[in-house]
2 protein chains.
Amino acid sequence: MTTIPKSHPRYESLRIRDLITKAAKQGLVHDTGLIAHGRGEAYDYLLGEQTSSFSLEAEKTAAAALLIDKNPVLSINGNVAALSSKEMVRLGQSIPAKLEINLFHPSKKRKQLISQRLQNQGAKKVYGLKEDACIPGLDQDRAICDTEGIFTSDVVLVPLEDGDRCQALTAIGKRVIVIDLNPLSRSAQTASITIVDNVIRAIPSITKFVNELKSVKKETLNNIVKSWDNKKYLHDILVFISKRLNSIEP
Amino acid sequence: MTTIPKSHPRYESLRIRDLITKAAKQGLVHDTGLIAHGRGEAYDYLLGEQTSSFSLEAEKTAAAALLIDKNPVLSINGNVAALSSKEMVRLGQSIPAKLEINLFHPSKKRKQLISQRLQNQGAKKVYGLKEDACIPGLDQDRAICDTEGIFTSDVVLVPLEDGDRCQALTAIGKRVIVIDLNPLSRSAQTASITIVDNVIRAIPSITKFVNELKSVKKETLNNIVKSWDNKKYLHDILVFISKRLNSIEP
C-alpha cells in the first residue's frame with residue numbers, strides 16, 4: 001500500500017482494502033469477511049462510489065429513527081470495526097446509542113479485539129461480551145446477544161448484516177436499519193430502513209443528520225420515518241444502477 | 001460448510017466460497033484474492049449466476065483462437081488454482097496448451113504449492129517457476145515470466161487477471177483472452193476477447209468448444225475469431241445486466 005500514490009485512480013478503494021486486510025491479519029476480520037468486502041467493492045463500483053441522493057434520504061431517515069426510539073443499539077462486526085470504529089463510536093455518542101459486538105462467525109477472542117479497538121476510539125462501554133440472551137428463530141451461535149443491548153433495544157443499526165439475523169430481528173419487532181451495498185440482498189430486502197451505501201460514507205453521513213435533527217421536534221422526526229417507503233427506495237436504487245450501466249460505452 | 005445442505009438456495013455459491021477460503025488457509029490464495037473472489041460473487045449475482053448466450057459466443061471464440069495460434073499459454077493464479085485446477089489441466093491437454101503460473105503477489109512458495117496442485121491433477125509440465133524473462137512495461141515483480149511460456153506465446157488465456165498485466169501483454173502483441181465477471185474492469189476493457197463469466201462455468205465450456213472445433217477447418221476458425229467484436233460484446237453484457245436489474249421488483 002505504501003507504494004500507491006494518492007494520485008492513483010483507485011487510491012481510496014485500495015486504501016480501504018488495505019485497512020481490511022490488515023485487520024484480517026490482526027484477527028479482527030474473518031476470512032469470509034474479506035470475501036464480503038469484495039462483494040461490497042463490486043456493488044460500490046456500480047454505484048459510482050458515491051452516495052446517491054436516494055441514499056442521502058435513507059441516511060436522514062435512519063438518523064430520525066435512531067433519535068426517536070428509546071433504546072437504540074449499533075451492532076458492530078469485524079468489517080465495521082476494521083473500517084469505521086472511530087465513526088461508530090462518534091455516532092453512538094451523538095445519538096446517544098449503545099454499541100454491541102455481534103459476529104457472524106462468533107469468537108470470544110475476536111470480540112475482545114474489537115472491543116479493545118472501540119475503547120481505543122473512546123467507547124466507554126461495549127456490549128456483546130456478556131452473551132446472556134438469545135434472539136429467537138436463529139441457531140444458537142448466531143442468536144446470542146446481550147440483554148441490556150440488542151435484546152431489549154427497539155431500533156438496531158446493523159451495518160453489513162446477514163439476511164437471517166436481519167429477518168429474525170425484524171420478526172421480534174425491532175426496527176432494523178441495514179447498511180448494505182447490495183440492494184438485492186436479503187438484509188436489504190427485509191430491513192425497515194435500508195441504506196445502500198458504503199459504511200465509510202454512510203456512518204459519518206448519518207452522524208451529520210443526527211446532529212442536524214437533534215433539535216427538531218419529535219413530531220417532525222416521526223413524520224420523516226413514517227413517510228419512508230423502503231420498497232420504493234430499493235426500486236429507485238436498482239433503476240439508478242441500471243441506468244448507469246446502460247449509459248456506459250465500453 | 002458441512003452443515004449446509006445441498007438444498008440451500010445459496011449452496012453452489014457457498015461451496016465455491018468454501019473452496020477458496022480453504023485454499024487461502026493452505027497458502028495458495030492471497031488475502032486480496034479473497035476480496036477479488038467477493039467482487040466476482042457480486043457480479044455473478046447480477047448476471048443471475050448463469051452463462052449468458054453472449055458469453056457462450058465469447059467462449060466459442062476463445063476456443064477457436066486457442067486452436068488457431070501456435071503457442072497458446074494458459075496463465076494460472078491462486079484463485080484459478082483453488083477453483084479450477086482440474087479443469088485448467090484438462091483444457092491444456094485438449095488444445096494442447098502450456099500452463100504457466102503467474103501471481104499478482106509473487107511468492108516462490110505459493111508458486112510451488114500451485115504447481116503441486118496442477119501436477120496432482122495430471123499436469124506433466126508447469127511453467128512459471130523458471131522466471132527467466134520479463135514482460136516490458138510492468139514493474140519487476142509483476143513482469144517476470146518464463147521464456148518458453150508466456151514470453152514466446154502468441155495467445156494467452158488469463159482468467160482473473162489484473163488490468164496492468166493485461167494491457168502490457170496486449171501492448172507486446174499477444175492475443176489476450178480474459179475471463180472476468182466485471183465487464184467494466186480494465187482487463188475486460190483491454191482484452192482481445194473478454195469472457196464475462198464465472199471461471200467455474202467458463203473453463204469447462206471453453207474445453208467443450210475446443211473439442212467440438214478441433215476437427216473444423218482453420219479457415220472457419222479464423223472467421224470465428226475475425227468476426228468477434230469485443231466492444232459490442234461488452235456493451236451487450238452491460239445492457240443484459242441493466243435489463244435484469246430493471247426487471248427486479250423488490
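Student: Which two helices of chain A have axes that come within 10 Å, and at what angle do they cross?

Tutor: Axes are lines fitted to C-alpha atoms, for helices over the stretch in contact, and angles run from 0 to 180 degrees between N-to-C directions. Here helix α1 (residues 11–25) and helix α2 (residues 31–46) of chain A come within 10 Å, crossing at roughly 170°. Helices (H or I, at least four residues) are DSSP runs, numbered from the N terminus.

Student: Which residues make the contact?

Tutor: Contact means heavy atoms within 4.5 Å. From α1(A) come Ser13(A), Ile16(A), Arg17(A), Ile20(A), Thr21(A) and Ala24(A), and from α2(A) come Leu34(A), His37(A) and Glu41(A).

Student: Before we go on, where do the numbers come from?

Tutor: This is a predicted model, where local features need pLDDT of at least 70 and side-chain atom pairs count only at pLDDT 80 or more, while totals for chains, interfaces and linings use all residues. Residues are numbered from 1 along each chain as its sequence is written, chains are lettered from A and ligands numbered from 1 in the order in which they are written, and side-chain values use heavy atoms, with hydrogens and water left out.

Student: How much area is buried between chain B and chain A?

Tutor: The size of an interface is often given as the accessible area lost when the parts come together. Buried area is that loss for two parts (1.4 Å probe), summed over both. For chain B and chain A the value is about 3000 Å², and carbon and sulfur atoms give 68% of it. In residues, 31 of chain B are in contact with 31 of chain A.

Student: How many salt bridges cross that interface?

Tutor: A salt bridge is a side-chain nitrogen of Lys or Arg within 4 Å of a carboxyl oxygen of Asp or Glu. The rule finds four across the interface of chain B and chain A. One of them joins Lys25(B) to Asp31(A), with the closest N and O atoms 3.3 Å apart. Lys25(A) also pairs with Asp31(B), again with closest N and O atoms 3.3 Å apart. That pair runs from helix α1 of chain A to helix α2 of chain B.

Student: What about Leu67(B): which helix holds it?

Tutor: Leu67(B) sits in helix α3 (residues 53–68) of chain B. Leaving aside neighbours within four places in sequence, Leu67(B) touches Ile95(B), Val210(B), Leu213(B), Lys214(B) and Leu221(B).
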